[in-house]
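Subject: Handover of a structure

Dear colleague,

Please find the structure below, together with its sequence.

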Amino acid sequence: MELFLIVQLVVFILGTILIFLISKRSLRSLKFHGFYRFFVFEFTLVLLLINIPHWFHYPFTLQQIVSWMLLFISILLLVQSLYFFKKYGGKKKRGENTANFEFENTASLILEGIYRYIRHPMYGSLLFLALGAMFKNISVITISLTAIAIVFIVFTAKIEEKENIKFFGSDYEDYMKKTKMFIPFIV
């Protein structure tokens, strides 16, 4: 086996262990959004590892430029969402049965910044990360992995929306009518 394949396998195993440790509370039940998020992380990890050899090949082709733009949007969404999450979210325990991380337990519905346009900028970030990684080397395998990751992103967001309706009530339902899920004005 090539050294690079061994490194990929080791990184995959270590990454999976880390993702499992982060997600283990959520993996107890299909009703938690974190259950589905685990699979988003896993498929995205595989996608990134498969395409690592192609990240800097032919850097000025249209395909690579599109890839870098998608990856930049991913980072931008993540940074914006974390900023507004911390600034406006507050913290409030969401009950005994929650598998949320502490930072996910917001006390307030965030309506500022990127949250004014989309409900799930962090999942949008994962969506753009998967698409950006796929564009590094488009193949049947990378398209399939990306499609599966997107399906799990949607499942994750849908379950989280049910959790948020339960917690925030009609305010969240109104918010859903005014915003898109992942991409402003589109989806």
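I begin with Tyr58, which is placed in the loop between α2 and α3. Helices here are DSSP runs of H or I with at least four residues, numbered from the N terminus. The phi of Tyr58 is near 45°, a positive value in a residue other than glycine. Most residues other than glycine have a negative phi. Tyr58 counts as exposed, at 63% relative accessibility; the term exposed stands for over 50% relative accessible area, buried for under 20%, and partly exposed for what lies in between, with a 1.4 Å probe and protein chains only.

Before going further, please note that this is a predicted model, in which local features need pLDDT of at least 70 and side-chain atom pairs count only at pLDDT 80 or more, while totals for chains, interfaces and linings use all residues. Residues are numbered from 1 along each chain as its sequence is written, and side-chain values use heavy atoms, with hydrogens and water left out.

Phe185 also has a positive phi, near 65°, and is a residue other than glycine. Phe185 sits in the segment after α6 and counts as exposed at 69% relative accessibility.

The interior

A nonpolar core is a set of buried Ala, Val, Leu, Ile, Met, Phe, Trp, Tyr and Cys residues joined through side-chain atoms within 4.5 Å. The largest such core has 24 residues, and Tyr115, Tyr123, Ile153 and Phe182 touch the most other members. Two or more residues come from each of α2 (33-51), α3 (62-88), α4 (121-136), α5 (140-168) and α6 (170-178). The greatest contribution, five residues, is that of α5.

Which residues does Ile153 touch, not counting residues up to four places away in sequence? They are Val40, Tyr123, Leu126, Leu127 and Phe182, where contact means heavy atoms within 4.5 Å. There is also a second, separate core of seven residues, including Trp55, Leu71, Ala130 and Leu145.

Helix α3

Helix α3 has 27 residues and reaches 38 Å from its first C-alpha to its last, close to the 39 Å expected at 1.5 Å a residue; the expected span is 1.5 Å times one less than the number of residues. Its buried residues include Gln64, Leu70, Leu77 and Phe84, and the buried residues of α3 pack against α4. After α3 comes Gly90, with a positive phi near 65°.

Ser74 is found in α3 and is buried, with a relative accessible area of 5%. Leaving aside residues up to four places away in sequence, Ser74 touches Ser125, Phe128 and Leu129.

Another buried residue is Asn51, in helix α2, whose relative accessible area is 0%. With residues up to four places away in sequence not counted, Asn51 touches Ala133, Met134, Lys136, Asn137 and Thr142.

Salt bridges

How many salt bridges does the structure hold? There are two, a salt bridge being a side-chain nitrogen of Lys or Arg within 4 Å of a carboxyl oxygen of Asp or Glu. One joins the side chains of Glu112 and Arg116, at 3.5 Å from N to O. Glu112 is partly exposed, with a relative accessible area of 30%, and Arg116 is partly exposed as well, at 44%.

The other is formed by Glu161 and Arg119, whose closest N and O atoms are 2.6 Å apart. This pair links distant parts of the chain, with Glu161 in helix α5 and Arg119 in the loop between α3 and α4, 42 residues apart. Both Glu161 and Arg119 are buried.

The surface

A nonpolar patch on the surface includes Leu3, Ile6, Leu9, Ile13 and Phe20 among its residues, and the patch has about 970 Å² of accessible area together. Patches of this kind are made of residues with over 30% relative accessible area and no salt bridge, with nonpolar side chains (Val, Leu, Ile, Met, Phe, Trp, Tyr) joined within 5 Å and, for charged patches, like charges joined within 9 Å. Accessible areas come from the Shrake-Rupley method with a 1.4 Å probe, and for residues only the protein chains shown count as cover. Leu9 lies in helix α1 (residues 3-23) and counts as partly exposed, at 44% relative accessibility.
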